[in-house]
There are 2 protein chains.
Amino acid sequence: MAATETLTAERILEATEEVLRRHGPAKATVVDVARALGVSHGSVYRHFRTKAALREAVTKRWLDRTSEALDGIAGDASRDAETRLRDWLAALFTAKRRKAGDDPELFATYSVLAGEQVGAVAEHIDELTEQLTRIVADGVASGLFRSDDPGVSARAVFQATGRFHDPVHAGEWDTPEADADFEAAVSLLLRGLRA
Amino acid sequence: MAATETLTAERILEATEEVLRRHGPAKATVVDVARALGVSHGSVYRHFRTKAALREAVTKRWLDRTSEALDGIAGDASRDAETRLRDWLAALFTAKRRKAGDDPELFATYSVLAGEQVGAVAEHIDELTEQLTRIVADGVASGLFRSDDPGVSARAVFQATGRFHDPVHAGEWDTPEADADFEAAVSLLLRGLRA
DNA sequence: CGAATGACAGATTTCAATATCTGTCATTCC
DNA sequence: GGAATGACAGATATTGAAATCTGTCATTCG
């Protein structure tokens with residue numbers, strides 16, 4: 001049974017996710033996590049120096065799931081840059097919207113965590129912008145796009161579409177205009193990128 | 001002296017702004033406003049049916065100041081659409097950034113009010129989008145821009161530049177990259193609009 | 001000996017009593 | 001008579017004492 005297994009960082013992270021899901025970000029305590037694992041809270045502190053470190057690790061895990069899913073689209077050299085850019089942005093929007101819609105409380109929980117872990121979020125955004133940069137650079141290389149600096153253009157595209165992926169705008173994702181707005185934004189940006 | 005003047009909605013709004021500036025949005029009460037005016041709070045309720053109505057009136061006033069300042073740029077037919085669009089967006093960003101930087105507490109206060117008065121904010125955004133639509137439509141008429149629907153394009157431009165005018169992003173307005181990011185965003189959007 | 005425990009101090013949160021506020025309205029004032 | 005008042009009921013906010021939590025560490029356990 002669980003109590004006899006070795007206490008690993010991984011098991012603690014799983015328990016923490018569960019406690020966060022149950023109690024929400026404000027009420028989830030280290031004592032709760034220890035209780036869920038059937039150990040003393042001192043044992044948890046052996047693996048994570050502080051509560052903040054534990055929360056950061058959980059947040060990174062969550063962010064990494066999004067990055068990995070999109071990496072496949074960014075790296076798919078078999079399709080042209082415009083299609084990939086459209087798909088990548090659509091996949092990001094769809095994934096975020098689905099998460100926010102399916103389990104609003106868990107999404108709100110992770111939004112709070114993201115607000116605390118500014119550093120981890122910045123890294124995550126850098127990763128995503130990297131992926132976008134690859135797409136734009138490929139587009140420039142193939143003559144489809146024109147850009148003085150693919151990194152700068154990618155950053156501009158990411159920021160300009162913030163309304164469709166930044167959690168602070170989650171409330172506007174299920175309005176009737178959301179899809180039309182997304183389409184208009186992507187089309188305008190693509191026109192700006194085309195050679 | 002003030003106590004002998006007639007109690008008007010206008011005087012109440014002025015006093016409310018002052019109370020909000022002093023106490024912040026959470027602690028500003030109708031009783032405070034009445035005290036500042038030297039009247040009973042019952043008298044304030046003669047002019048505003050509820051505390052929410054009073055706050056809404058103050059918020060509208062504040063939002064209208066921004067709209068008016070930008071209307072001049074949008075309507076200046078003596079300059080080409082591209083210049084006007086650049087200037088309009090830059091003026092909006094500059095005005096917001098200045099307000100947020102000069103008096104962060106007052107800006108935060110009004111941000112909270114805006115969060116409460118969703119309807120008033122929606123109207124304000126409609127006004128601004130109207131102004132943008134006029135610029136885009138002029139650009140299309142003069143052959144400088146291309147757009148199937150200036151209203152849709154204007155909406156896309158406004159949303160894409162949200163990071164530079166939406167108060168939820170105020171924290172990013174004084175980073176070293178802000179100006180470069182703004183420049184990149186506007187350039188990309190203008191390339192997308194040009195015929 | 002390394003992993004786990006639980007008692008502890010100081011920080012933070014909870015909760016219930018207390019105070020203040022919102023909105024109404026019968027009465028007063030000019 | 002129309003504008004202003006202030007007492008009032010119910011809703012909301014404040015406060016401070018009690019409970020819980022975070023992070024440490026001397027001690028126990030296997």
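## Where the two chains meet

Between chain B and chain A, 8 residue pairs are in polar contact, both residues having pLDDT 80 or more. A polar contact is a pair of N or O atoms within 3.5 Å; within protein, one must be able to donate a hydrogen and the other to accept it, and residues adjacent in sequence count only if both atoms are side-chain atoms. In chain B, α8 (150-160) and α9 (178-193) each supply at least two residues of the side that touches chain A. The largest share of that side, 8 residues, comes from α9(B). Helices here are DSSP runs (H or I, at least four residues), as strands are (E, at least two), numbered from the N terminus.

This is a predicted model: local features need pLDDT of at least 70, side-chain atom pairs count only at pLDDT 80 or more, and totals for chains, interfaces and linings use all residues. Residues are numbered from 1 along each chain as its sequence is written, chains are lettered from A and ligands numbered from 1 in the order in which they are written, and side-chain values use heavy atoms, with hydrogens and water left out.

## Area and charges

How much area do the chains bury between them? Chain B and chain A bury about 1800 Å², with 52% of it on carbon and sulfur atoms. Q159(B), L188(B) and R191(B) supply 34% of the area that chain B buries against chain A, more than any other three residues. Buried area is the accessible area (1.4 Å probe) that two parts lose on being put together, summed over both.

The interface also holds 2 salt bridges, in which a side-chain nitrogen of Lys or Arg lies within 4 Å of a carboxyl oxygen of Asp or Glu. D181(A) and R155(B) meet in a salt bridge at 2.7 Å, N to O.

## Inside chain A

Now look at one chain by itself. Chain A has 9 helices and 0 strands, and 44% of its 195 residues count as buried (under 20% relative accessible area; exposed is over 50%, partly exposed in between; 1.4 Å probe, protein chains only).

Helix α4 (residues 51-75) of chain A has 25 residues and should span 36 Å at 1.5 Å a residue, which agrees with its end C-alpha atoms being 36 Å apart. The expected span is 1.5 Å times one less than the number of residues. Buried residues of α4(A) include W62(A) and T66(A).

## A residue in chain B

T66(B) is found in helix α4 (residues 51-75) of chain B. Is T66(B) buried or exposed? T66(B) is buried, with a relative accessible area of 9%.
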